[in-house]
Amino acid sequence: MIVSVKNLVKRYDDLLAIDHLNLTVHDGEVFGLLGPNGSGKTTAINCILALLEYDKGEIEIFGRPMKPEAYDIKRHIGVVMQNVAVYNELTVEENINYFCGLYVADKKLRQELVREAIEFVGLQEFTKYYPKKLSGGLLRRLNIACGIAHKPKLIILDEPTVAVDPQSRNKILEGILELNQQGATIIYTTHYMEEVEQICSRIMIIDKGRSIAVGTKDELKAMITLGEKITVESQRITAAQLSALRRLPNIVSAEYKNRLLVIKSSKGSNNLETVLEFIKQEKIQFGKIYSELPTLNDVFLEITGKQLRD
Amino acid sequence: MSLHIFGNRLKCLLRDKENVFWTMLFPILLAVFFNLALSNVNAGESFQAIKLAVVNNSSFHNDQALQTALDAAAAGEQKLFELTLTSQEQAEQLLTEQKVSAYLLVDEEPVLVVSKTGIRESIIKSFLDSYLQTTAAVNTILQNNPNNPALLFQSAGERQNYLAEVTGSAADPNNILIFFYSLIAMSCFYGGFWGMREVTDIQADISALAARINISPQHKLKAFLSSLTASYLIHFSELILLLLFLRYVLQIDFGAKSGYVVLTTALGSLAGIAYGAFISALVKKSENMKVAILIGTTMFGSFLAGMMIQDIKYLVSQKFPLLAYVNPINLLTDAFYSLYYYDTFSRYFLNITILGGMTIAFCLGTYVIVRRRKYASL
Ligand SMILES: Nc1ncnc2c1ncn2[C@@H]1O[C@H](COP(=O)(O)OP(=O)(O)OP(=O)(O)O)[C@@H](O)[C@H]1O
Ligand SMILES: [Mg+2]
């Protein structure tokens, strides 16, 4: 077990930011912490890192209690904070060297590590640049390089892709998977469900500081009653047809809006077939039909009654 | 002590142009300006006023404060400037024909246009910089605390007086020294810029950089002290440069006890850094507000210590003796002066002891406040 959090409670004055949170991260996982803005992801991470004092709970990393002065634990952790944290007066290379040097004293070894980190995030052409001259995406990559250059066993990334263009984002996500393949355990927080689905082996969904579901993405999707969502583009659907649709077996809801018929079904097979059969019977004209499996957003929606992102 | 942190911090701080300007170049410019004004007075010849053109547009017309400041500097027997109000084209022409040293164009901010660099240009620039600095400080304070503007307003007003005052005052060599001693004292307290930055950079709730150091396997207090040592080394070196400049370029004689002058400067630098650190920890406002308070209080302290008008110093020590003893800049100025003036050290040691006590209080205060924040940062 790499990280274990038991019954963590953190208050900011009256606000209960973390509410009895339990969490375990196993060796070699890419663990995703998914939650909307303000759900307590950063707070949880800061508590785990002993950056923030908390009201209650036990936190262990690598099987030992985590404290502000637990330097032997900290030595093996790498963190990429939500806010970019680099020195504006140091160049790309100097920044990475500086932060790496907080962990690695040996100069030779450090030189090598810095070079690898620069290559890893693809900043070779920018080593002599000052942070002010970097674009947003490049700056994020520098921020990542500063956090991981010392090759930590546990890497914690707090929304590293916020405000990053899709190209940089993909590069970052691939990089994280690569770090994981090289043996690092990853904790990744985000409010983008697509990212979590793409890279995480296990996911915890949190809301208002509480864990509302944990599991692999398939396990999470299996928790809810919703099956697939079928969308039909059609010029005309009558009210009678709509209510007939709703009476079909396994159909949970059917709505027609903006020439789109959206049908949600509960779990089970043949739902698409049933709908196609109905359309044929009623001789409904249609442009396109497609069927989607539930997303983590649907999981979030079903458990909390609200959208993951608004 | 971590050499890695110390070394990188040095690099970082030396590239912080703004801080280096305020803590080193600004005092040197001010010294040049003092010297010029005072030595002219000394020599008994009338001061050759610097010719300055001002573009008379509507922005200038509306900038009452700037007009007052310029008028003060361009009035009287010993005036600093000779002003020409004119159009921009005309000003440009005057400058090319070298009929004026520079011209001032007020747009959103006053901009100085020069055709070469030299002592006259530096004086105009230093005048403008200190004017801008003070008005910015006053504005920030007014915005944040409109109920109690009296304090700074006063010092801003005096600021303009001082330009007239300095040029006109009697030039007893002892009195001239007071100006320079208070200038050194002010420079010591401008070290507050460095102290402020140090404290900001260790508070994980304010700065993401601090968080990054907090999560690393570095002992917090040790990291902070390494970094602080870098600040101290830089600031002390700047002050040594200032002393050398005063001594060898401006030929100011500090008397026989020059070793003590350096020692006092070393303590003054520490006091200034500690003061900035304390302000930074104490004031839970924006960075700009902290800077404004630092500059405002330092300027005001220097003013009371006689940097702008010497009589103020005597007034304070006669009417409000306690104020003379709690104003660290005055303590420092007097410490320098007593080195020069008295043969015994008793007055000097008294001042240094009080100042040392204040420095310790600033440090402890900073430590306690930073510790009490929610983030476990020290
Ligand atoms: N220093 C603080 N003082 C008071 N309240 C805070 C503080 N930091 C966070 N909060 C509050 O705690 C809650 C959780 O915040 P947190 O930053 O942990 O959320 P998050 O999930 O990281 O959000 P985001 O996706 O926006 O980064 C929010 O309601 C936030 O307003
Ligand atoms: Mg966050």
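Thr185(A) lies in strand β8 of chain A, which covers residues 185–190. The model is a predicted one.

**The site of Thr185(A)**

Is Thr185(A) buried or exposed? Its relative accessible area is 0%, and the cut-off for a buried residue is under 20%, so Thr185(A) counts as buried. The side chain of Thr185(A) makes a polar contact of 3.4 Å with the side chain of Asp27(A).

Which residues touch Thr185(A), once neighbours within four places in sequence are left aside? Asp27(A) is one of them, and the run that holds it, Val25(A), His26(A), Asp27(A), Gly28(A) and Glu29(A), is in contact with Thr185(A) throughout. Lys153(A), Leu154(A) and Ile155(A) are also in contact with Thr185(A), as is Ile2(A).

**Chain A as a whole**

Chain A has 310 residues, and 53% of them are buried. Its secondary structure consists of 11 helices and 14 strands. Of the contacts in chain A between residues at least 6 apart in sequence, 66% link residues at least 24 apart. The table lists extent and surface for chain A.

| Property of chain A | Value |
|---|---|
| Span of the C-alpha trace along its principal axes | about 75 × 45 × 35 Å |
| Accessible surface | about 14900 Å² |
| Part of the accessible surface on carbon and sulfur atoms | 49% |

**The interface with chain B**

The size of an interface is often given as the accessible area lost when the parts come together. For chain B and chain A the buried area is about 2800 Å², with 60% of it on carbon and sulfur atoms.

Polar links also cross this interface. Between chain B and chain A, 10 residue pairs are in polar contact, with both residues at pLDDT 80 or more. The rule for salt bridges finds 3 across the interface. Among them is the one between the side chains of Glu94(A) and Lys11(B), at 3.5 Å from N to O.

Key:
Residues numbered from 1 in each chain as written. Chains lettered and ligands numbered in written order. Predicted model: local features only at pLDDT ≥ 70, side-chain atom pairs only at ≥ 80, totals over all residues. Heavy atoms only, no water. Buried area = accessible area lost by both parts, 1.4 Å probe. Salt bridge = Lys/Arg side-chain N within 4 Å of Asp/Glu carboxyl O. Polar contact = N/O pair within 3.5 Å; in protein donor to acceptor, adjacent residues only side chain to side chain. Helix = DSSP H or I, 4+ residues; strand = E, 2+ residues; numbered from the N terminus. Buried < 20%, exposed > 50% of the residue type's maximum accessible area, 1.4 Å probe, protein only. Contact = heavy atoms within 4.5 Å. Areas by Shrake-Rupley, 256 points an atom, 1.4 Å probe, with all protein chains shown as cover.
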